[in-house]
Amino acid sequence: MEGSAADPGPVAAGTQRVDETPPIGSAGSPARVQAHRVAGFEALLAPLGIPIAAEPDPGRFLLTACDGALELRPPGESDRRGIQADFPPDREVTRGGCRQPSRPELLVRAFGARIDGILDLTAGLGADAYRLARAGHRVCAVERHPAVFALLVSGFERARRRGDVPEEVANRLRLEHGEALERILAIDAPGVGVYLDPMYPPPRRSSALPKRALQVLRQLVGDSSDAAELLAAARSRAARVVVKRPHRAPPLAPGTSHALASKLVRFDVYVNASRVRRAGDAAGTSREDV
Ligand SMILES: C[S@@+](CC[C@H](N)C(=O)[O-])C[C@H]1O[C@@H](n2cnc3c(N)ncnc32)[C@H](O)[C@@H]1O
């Protein structure tokens, strides 16, 4: 992906690159979202095209600043807390504070070790991207909806300021506003992994996100209608594609190499043998490429 049109050069890891092209599809239109009382976030919101309103319209989604990050409230829910991107995910409160889960995660196992970076092309609020970066992968998390991207960036930056994100994890995770298909078409290094967690119609019994966050996200962005197209494109360009599916749902496309499943969720793995890195064959591929 080095030097490609979609990747104009290295960007400081752990920071966002804001793509100013309008998102594809009406779900990505920022018109339904406005911001109010967002002091300190103007520079993040302006290039995303999200208007700041003096008097918010109750018929629109509302972004406001809360506890040092942005939160999003659906129309008509001004009296309820909004959703935020919270890092690190999987926080378990113990007497001594927070700890990380010790069990190896299915998602991490689905990618294995022989991957030269991962593109999470449906980043959402970033929980899965964070898990992959925490496991040691370099991850580029791509989200197309401007408001979701604003939540993601503001939540991640707040966690970093608070010292909740280890520096080595922050250095492995990059956030990008953009369209998944464009990012797939720009892959030009072998060995790259792609992760897809498209939005599915309800009921969806498991997700990286808490239930309310998922409901609000679905209300905002709708279901992913382009998931099968993304999978087909990713399979031709990536060494390994992992797709998160509800437990009992059929695969998004035939040809899975294998799957890892829990009671609630399944990760379908598609391996592209022609692009899998052979042991010791790292020539031409840099871990900086993702
Ligand atoms: C189910 S959520 C992902 C949740 C995520 N795995 C997490 O841990 O928070 C799906 C997200 O993918 C985004 N998305 C869907 N299609 C996309 C595309 N073609 N390009 C970029 N983002 C996309 C949606 O806007 C939505 O935020």
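Two strands count as paired here if DSSP finds at least two bridges between them. Keep that in mind as you move through this predicted model.

**Start with the whole chain.** Colour the protein by secondary structure and you will have 8 helices and 13 strands to look at. Of the 290 residues, 44% are buried. Now turn to the contacts with a separation of 6 or more: 69% of them link residues 24 or more positions apart.

**Next, select residues 173–177.** This is strand β9, and 5 of its 5 residues are buried. Show the side chains and look at each face in turn. On one side you will find Leu-173, Leu-175 and His-177, and on the other Arg-174 and Glu-176; all are buried, with both faces of β9 covered.

**Now jump to residues 240–246.**

- Select residues 193–196 for strand β10, which runs parallel to β11 with 4 bridges between them. Click on Val-194 here, and opposite is Val-241 in β11.
- Select residues 265–271 for strand β13, which pairs with β11 in the antiparallel sense over 7 bridges. From Lys-244, follow the bridge to its partner in β13, Phe-267.

**Last stop.** Keep β10, β11 and β13 on screen together: β11 has a parallel pairing with β10 and an antiparallel one with β13.

How values were computed. Residues are numbered from 1 along each chain as its sequence is written. This is a predicted model: local features need pLDDT of at least 70, side-chain atom pairs count only at pLDDT 80 or more; totals for chains, interfaces and linings use all residues. Helices (H or I, at least four residues) and strands (E, at least two) are DSSP runs, numbered from the N terminus. A residue is buried if 20 or more other C-beta atoms lie within 10 Å of its own, exposed if 12 or fewer, and partly exposed in between; C-beta atoms are placed from the backbone. Two residues are in contact if their C-beta atoms, placed from the backbone, lie within 7 Å.
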